[in-house]
Amino acid sequence: MQTVVRSRSKEVVISSERPFVIIGERINPTGRKILAAEMTAGVMDRVRADAIAQVEAGAQMLDVNAGVPGIDEPALLVAAIQAVSEVTDVPICIDSSVIEALEAALAVYQGKALVNSVTAEDERMDRILPIVKRYGAAVIGMSNDETGITMVPQERVEIARRIIDRAQYYGIPREDVVIDPIAMTVAADPQAGVITLETMRLIKEQLGNNMTCGASNVSFGLPDRPIVNAAFFSVAMHAGLTCAITNPLVPEVRKAVLASDLLLGHDEYAMRWISTFRQEQKKAAATEPVTR
Amino acid sequence: MSREEEIRQELFDHTLNGHAPEVKALTEEALNLGMDPMDILFKALIPSLEEVGRRFERGDFFVPEMLIAARAMQGALVILRPLIAETGAKPIGKYVIGTVKGDIHDIGKNLVIIMLEGAGFEVVDLGVNCAPEKFVEAVRANEPHIVGFSAFLTTTMPMFKVNIQALEKAGLRDKVAVMVGGAPVTEEYARLSGADHYAPDASIATRMAKQIVGAAQAAENPALTQAVELIDKTLKKG
């Protein structure tokens, strides 16, 4: 199954037959005080810099979130997306829990965006999915509903199926629903990781849809998070994860994704792996201090 | 060192390291030796969990370590609680807590509950997705010292204000201290919402709760003021 997203000039295909798609997570003011302050003041320099840096580090898409408390989020989200589009040409993942903000962003976006996100809550589905349809976008479906997040993998699959069914009811093709099987931190529940992986395996087997997740969640509350995140990518990609919202500026994560692509047969003759290595060699040589 | 002293030290160490079976066995041994349940609680278990909280705040301890320490302590509390209830000792305070309406995130809230119970609070957990009426009803029914609202999303944070207005409307606002917290919440946002306290993490939430209750009890009983000041000083040193 293929999920195709587009910017004005670039197309990205998410598929289990293709290399993994990294959706850069950095443009999000939650927990980033300086970014939040700048965005509130309408200063988009850091947003632009984050966009460029993430794309250079291998992000094929960028998540844009403007959730600053107490702000006019629709206007700010539109401004942030415009700033990102000025400096990069990758497709955007429009991230908001405010429906008006999603709609405002979709209205100005040129291309086919990925909407982040809808849950299986009836009210959310019936408000968000018609908007997704109207603008011809794709959407991330989170496998939780009014009752919360179940820790039974098959139940998460059924919740995902409900979102796909409802999307189809509103005229959205099933391949345009990317399922988030939900990654929770293993710090709070040692079984959280394996439950997520089993959910992925079942979704791959029973639904076949593309899957994404907020991968950095798995290591919340733990030390040395990049390594845990990197290991998660290796196992999750094997279980069926085809894209993820994460930070490509973390070298461990970027490399784990590339290496897993190679091991899973998505990097013919290891050309991406080798060229990445060469680029790094070149960079290291350029920045090497002059010997005295 | 007497065996009693040894037991206190071992309880402290095993709780700190989250060794539930050892904590349970030591608690039973202590009771068999005739040690006072309050002694076990206040001289071994609670100081240990306070140390866990301090280490967590410093970044020396991580979430799983806090969880297993609290679990080890809960094993002892199950044994001690009925005995302490017999002696007529009361919990140090009452705390009503829940995740606000529209929000189903509960990891942070659950950590706060564990730390509060460990510190000797009676906690009423309203769960997730709690409507303002539910908070109002729980405050009315339980008469807690503190009510805590947790929110993980910028879109659900406005419920703090809604909840506080609901408490005002019900005439309960001045009867309870309001504490708020959650990933996107800031001190300033908490203040603008009309909350009394902002807690950036579970350990700080618990320390603040103790100060609030200390203040409340001191208002009722001036003799306690000195003890509360002593506790505060000890905590600041850590």
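This is a predicted model: local features need pLDDT of at least 70, side-chain atom pairs count only at pLDDT 80 or more; totals for chains, interfaces and linings use all residues.
Local features need pLDDT of at least 70 and side-chain atom pairs count only at pLDDT 80 or more, while totals for chains, interfaces and linings use all residues. Residues are numbered from 1 along each chain as its sequence is written, and chains are lettered from A in the order in which they are written.

Select L62(A) and A80(A). These have the most contacts inside the largest nonpolar core, which has 86 residues. Such a core is a set of buried Ala, Val, Leu, Ile, Met, Phe, Trp, Tyr and Cys residues joined through C-beta atoms within 7 Å; buried means 20 or more other C-beta atoms within 10 Å of the residue's own, with C-beta atoms placed from the backbone. Helix α3 of chain A, residues 73-87, gives the most to this core, with seven residues. Helices are DSSP runs of H or I, at least four residues, numbered from the N terminus.

Next, select F12(B), V147(B), V185(B) and A195(B), which are among the 66 residues of a second, separate core.

Move to residues 107-118 of chain B, helix α5. Eleven of its twelve residues are buried, so α5(B) is largely enclosed by the rest of the structure. Among the buried ones are K109(B) and E117(B). After the helix comes G120(B), with a positive phi near 100 degrees.

Finish at A30(B), in helix α2 (residues 20-32) of chain B. A30(B) is buried, with 24 other C-beta atoms within 10 Å.

How values were computed. Helices (H or I, at least four residues) and strands (E, at least two) are DSSP runs, numbered from the N terminus. The expected span of a helix is 1.5 Å times one less than its number of residues.
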